[in-house]
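This report covers a surface loop, a sheet, a helix pair and the nonpolar cores, in that order. Please keep the sequence and the model in view.

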Amino acid sequence: MGTRMLPRIASACAGALLALCLSATSVFAAPGHVRVDRAVRAAVAAGAPFQRVIITVNAGCRTSVRSALERHGDVVDAEFPLIGAIGAEIHSRDVETLAANGCVRVISADADVRASALPSGRAYPPSPEPCPSQTLISTLRDTLGLPHLAQSAPSVPTGRGVGVAIVDSGISPSDDFAGRISVFYDFTRGTGRKTSHPYDDFGHGTHIAGLIGSSGELSQGEFQGVAPGARLAVFKVLDKTGAGRTSDVIRAIEFIVANRAALDVHVINLSLGHPIFAPAAEDPLVRAVEQATAAGLVVVASAGNFGQKESDGTVGYAGITSPGNAPSAITVGAVMTKDTISRLDDEVAPYSSRGPTWYDARVKPDLVAPGHRLASDTNLSSYLYDALQQNRGRTLTGEPLLLLSGSSMAAAVTSGVVALALQAHEESRAGRWGAAPALTPNLVKGILQYSAITIDGADYLTQGAGQVNADGAVALARAIDTSRPIGAAWLGAIVPLSGIGGASYSWAGHVIYGDTVLAGDVLAANNIVWSTNIVWGSALREGDNIVWGTALREADNIVWGTNIVWGANIVWSTRVIGQRIDASAPTNIVWGADIVWGTLELDNIVWGTVVR
């Protein structure tokens, strides 16, 4: 993507005089310290004359900062009230001066985002074998514990009545989506423009939409999406090459939040991202996600595809991308199901990004889901269909399909499961409890984690709580009586087992809250965490107004922050919660986007500690 050059306008505020212009108004008088994210710093160091940035300002400062920038000849092209920020193209020489101003909180790059957060120049993980003429079948719904055909089990929800916002490259209309594309907005040219003619020149968004909500009309039901009854609100932010800007994604999220009632949207799917350049609290895309969650929207984000070094296949940690590092988002990694219904042979895909998150050391992903070699709807004129000939397939009726792999696909599958859980609870509360509150985003995440099915041999930083289980999520969503007051039991008798493909699987039975694994009766009673949309992982201390049923002790928490020094290199502490790291283990090195390759001695770190 090209960068628009700034006009070289002579101004009384040129160069260092920008500071005087900024301080001319009283709101700039107070000194302050802000962070400049590492992408902006890197661009300054590389000698870039101009930069596209997102400037987060203090309350009441947006107008003054905008005016000062414009007087200086900078191009201000957006304001983001949702996160209190301004989008602009500025002179790199002014970054340090601007950062020192008391009214500016953070200067962040208006970073390029990509589908699945794949780095520029890399193709989607291809199918391991060519299949240009292969007739495909699907095991996706079956392995989730859903009927192969939604019509065969009327009691199973389809996502009817639930709106899913797909923020991606668009959608190609077809009979698989007939009557269910509620709106289409194109943000690739800045301010979103509503159009009556949806399109998808890249092809990623159509694939995502098919996994979430294809009716299966074109495949005689074989490739039904997870929630074939859900409405799809589509927001195009990625261009024909799968690239976009952070500012456009924020614009779309901001629009969804502001118009959520009119749009009737409940879920946002973000199968895109960029490398993490700053702590989550200072990342504008993360902050937009947190605001959306606080507004009651369930945000599902891909974990990223930075789990494996291209050169030798080494699996690494700390590759989560933004906005997957958003605490309250449901961040999803990809599973290889081997095209079988059984869960026994499932593995987390080596390319799927592992935690912890860079800077904040949070446990991510929250879950994993099928994401490898998934066939879904495609557009014959799209970039991906043209570029990935080895990934082409067809339905039994001869309709074209495309096989794609990545955490993007896993996020889409999970968004579909969320839609099923929301519908299941709505119908249950209407029939049994009357005016009970809807499921909050935090409770949805808790339900998905508690009902997940763990993958043998995968640690928490690889699989989160486990692999998503639609059968269990629907059962839990139906059983929780949200009309009960805080502290009261709200979950009736339920067997924590799911039958999939003739086998019975136990649920994970735990929730990863912050850096702590909570098990036992964590979902048995109403709790302020489940009843509100406070930031996931916050206020988890004894004495806070959280009724977990057991006292939380400092020793029970898995504390990363004090034991890791982040910087140009990662320095693991010699002691982590009293446990020594094996000094003979291979040295961890930083490679590429700050991923820790090599052996992370998880057995010597108490990620397995469970609060019961």
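## A loop residue

Ile137 sits in the loop that links strand E6 (112-115) to helix H5 (140-143). Helices (H or I, at least four residues) and strands (E, at least two) are DSSP runs numbered from the N terminus. The model is predicted: local features need pLDDT of at least 70, side-chain atom pairs count only at pLDDT 80 or more, and totals for chains, interfaces and linings use all residues. Residues are numbered from 1 along each chain as its sequence is written, and side-chain values use heavy atoms, with hydrogens and water left out.

Ile137 is exposed, at a relative accessible area of 64%. Exposed means over 50% relative accessible area, buried under 20%, and partly exposed in between (1.4 Å probe, protein chains only). Leaving aside neighbours within four places in sequence, Ile137 is in contact with Glu222 and Phe223; contact means heavy atoms within 4.5 Å. Ile137 and Glu222 are 85 residues apart in sequence, yet 6.6 Å apart in space, C-alpha to C-alpha.

## The sheet

Strand E6 also belongs to an open sheet of three strands, ordered E11-E6-E13 with antiparallel pairing. E11 (243-245) and E13 (272-273) are the edge strands, each with a single partner, so one side of each has no neighbour in the sheet. Helix H7 (residues 246-258) packs on the sheet and touches E6, E11 and E13; its direction makes about 70 degrees with that of E11.

E6 and E13 pair over two bridges, and pairing requires that DSSP finds at least two bridges between the strands. Arg114 stands opposite Gly273 in E13.

## H7 and H9

The axes of H7 and helix H9 (residues 284-294) come within 10 Å and cross at roughly 10 degrees. Axes are lines fitted to C-alpha atoms, for helices over the stretch in contact, and angles run from 0 to 180 degrees between N-to-C directions. The two helices H7 and H9 are therefore roughly parallel, the class for angles under 35 degrees. Thr246, Val249, Ile250, Ile253 and Val257 of H7 meet Pro284, Leu285, Ala288, Val289 and Ala292 of H9.

## Cores and an enclosed helix

The largest nonpolar core has 112 residues, and Phe235, Ile253 and Leu270 have the most contacts inside it. Helix H11 (residues 407-433) gives the most to this core, with twelve residues. A second, separate core of 19 residues includes Val40, Cys61, Ile90 and Leu98. A nonpolar core is a set of buried Ala, Val, Leu, Ile, Met, Phe, Trp, Tyr and Cys residues joined through side-chain atoms within 4.5 Å.

In helix H6 (residues 204-213), ten of the ten residues are buried, so H6 is largely enclosed by the rest of the structure.

Note on methods
Parallel < 35°, antiparallel > 145°, perpendicular 65-115°, else oblique.
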